[in-house]
Amino acid sequence: MDSIQPDTTLEFIKMQGLRWYAKRLRIDDDGDVADEFLDEVLPQTSSSEEDQHRPLPKFEVRYSTRPVKVKNQVLTTDGKIQQGVEYRGSLLWV
């Protein structure tokens with residue numbers, strides 16, 4: 001009797017238990033996916049202040065993004081977790 005060997009042709013393993021992370025993901029108009037998008041706020045400075053020192057950059061949260069629709073979550077064979085998200089009617093892996 002032959003022993004049963006695992007199927008090594010699978011590229012993905014379905015993931016469960018990371019739905020809490022998927023709910024935090026957002027998508028912007030370009031199709032970029034992240035849990036938070038930041039915009040740099042440029043300070044108003046005069047030319048004499050620029051010569052002396054540059055202030056540290058400041059960022060604010062971009063609220064113009066929308067929640068992403070996660071259709072599937074998988075673990076690839078190289079150990080990366082990827083989400084299949086719906087973007088403009090097609091499935092995008094991020």
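**Surface.** I started with the accessible surface of the protein chain, which comes to about 8,100 Å²; carbon and sulfur atoms hold 50% of that area. The areas are Shrake-Rupley values with a 1.4 Å probe, and for residues only the protein chains shown count as cover.

**Ground rules.** I am working on a predicted model, where local features need pLDDT of at least 70 and side-chain atom pairs count only at pLDDT 80 or more, while totals for chains, interfaces and linings use all residues. Residues are numbered from 1 along each chain as its sequence is written, and side-chain values use heavy atoms, with hydrogens and water left out.

**Layout.** I looked up the elements next: the protein chain has two helices and nine strands. From the N terminus the order reads β-α-β-β-β-α-β-β-β-β-β. Helices (H or I, at least four residues) and strands (E, at least two) are DSSP runs, numbered from the N terminus.

I found 18% of the 94 residues of the protein chain buried (under 20% relative accessible area, 1.4 Å probe, protein chains only). Of the contacts (heavy atoms within 4.5 Å) with a separation of 6 or more, 47% are between residues 24 or more positions apart.

**Core.** Which residues make up the largest nonpolar core? I list seven: A22, L25, I27, V68, V70, V85 and Y87. Such a core is a set of buried Ala, Val, Leu, Ile, Met, Phe, Trp, Tyr and Cys residues joined through side-chain atoms within 4.5 Å.

**A22.** I placed A22 in helix α1 (residues 19–24), and its relative accessible area is 4%, so A22 counts as buried. Beyond four places in sequence, A22 touches V68, V70 and Q73. I also checked A22 against K69, 47 residues apart along the chain: their C-alpha atoms are separated by 8.4 Å.

**Y87.** Leaving out residues up to four places away in sequence, I get contacts from Y87 to I27, D28, D29, D30, G31, R66 and L92.

**T65.** Buried or exposed? T65 is buried, because its relative accessible area is 6%. I see T65 in the loop between β5 (58–61) and β6 (66–67).

Last, I went to strands β8 (residues 81–87) and β9 (residues 90–93), which run antiparallel and are joined by four bridges; strands pair if DSSP finds at least two bridges between them. G84 has W93 as its bridge partner in β9. The hairpin leaves two residues between the strands, and R88 takes a positive phi near 50°.

Conventions:
Buried < 20%, exposed > 50% of the residue type's maximum accessible area, 1.4 Å probe, protein only.
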